[in-house]
Amino acid sequence: MSFLQMRKSVIGNHLIDSTVNSDNRYIEYLSQVIGLVLREPSQRANEIAIATANEARRSQEIWRKLSTMNASQAKELADRIDFTHLTQIADYLNTSQRGAIFTGLHAGDYLLALLKLRSRLTTPRNIYVLRRKAASNLEARVFSHFDDTDIPLKVVRHGDNKTLSVVRALRKGHFVTALFDLPRSFGKAAELQFLDHAMQMVTGPSELAVMGRADLVPFTSNFYNGQSSACFEQPIRATTVEHTAQKLCDVGSNYIYRNPEQWQHWFHVPEMLGAGQ
């Protein structure tokens, strides 16, 4: 099945906008997407599809767990992550005067990785989180673990028209969290090379880095055999928007090729490729 056919598919049209579910039609859909993009045989693509659907469910469960925990319990959970280069990056962030944008993929225990990083930040700064979803009690309870008097967390919604406020904050040395593995429906996008295909990918993190004269701090996360791990990639000093966004896509592609089962956004790929336009 081609991606043009997927665009017309009832399965595709339904699931691009749906929450994750584990029924056979969804797994079949993911398997087709993965097989076409990675050029994997059907059996291997199906294995990846099942694993990535399970990862998405596990990630949703982490949100639920954090929403019921107190601060010490949440910190204990985040501290279980084996985080490579955390000390070096935290030292750099705590001493640098530049703003920074923490960015990565919806993969592994990305939320817990951000929480562990947050616990290592000591210089008083604001942290701005860019979100499309509407506010909820669950979100408020989870984000309370990131918030304190010296380093308050501020959620900025898509459509709030606060881009200039975030840019000014970055220029003053504050922090922003924004993941980059999203299609055009989540914001301004450009055609970039992602997974060896021309895809429409959001450029928001890169635009903010350029306008805010801030550094991008990419990270990746995995969950294998009951153990969470995370790793910082080399910080990126922004140049042009598209050149910087392509660097992020290269980081993401390299990660997904090594860990296709961990990426939770395979269902966005048809839109990234132009289906539905």
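The crossing of helix α6 and helix α7 is right-handed, a term used where the near helix is turned clockwise from the far one by less than a right angle. This is a predicted model, in which local features need pLDDT of at least 70 and side-chain atom pairs count only at pLDDT 80 or more, while totals for chains, interfaces and linings use all residues. Residues are numbered from 1 along each chain as its sequence is written, and side-chain values use heavy atoms, with hydrogens and water left out.

Helices here are DSSP runs of H or I with at least four residues, numbered from the N terminus, and their axes are lines fitted to C-alpha atoms over the stretch in contact, with angles from 0 to 180 degrees between N-to-C directions.

| Helix pair | Axes | Angle |
|---|---|---|
| α6 (residues 86-95) and α7 (residues 110-120) | within 9 Å | roughly 55 degrees |
| α10 (residues 204-212) and α11 (residues 241-258) | 8 Å apart | about 130 degrees |

The angle of about 130 degrees between α10 and α11 makes α10 oblique to α11, oblique being what remains once angles under 35 degrees (roughly parallel), over 145 (roughly antiparallel) and 65 to 115 (roughly perpendicular) are set aside. α10 passes α11 in a right-handed crossing, and their contact (heavy atoms within 4.5 Å) joins Pro205, Ser206, Glu207 and Val210 of α10 to Val241, Thr244, Ala245 and Leu248 of α11.

In the other pair, Leu86, Ala90, Leu93 and Asn94 of α6 meet Lys116, Leu117 and Arg120 of α7.

Terms used
Helix = DSSP H or I, 4+ residues; strand = E, 2+ residues; numbered from the N terminus.
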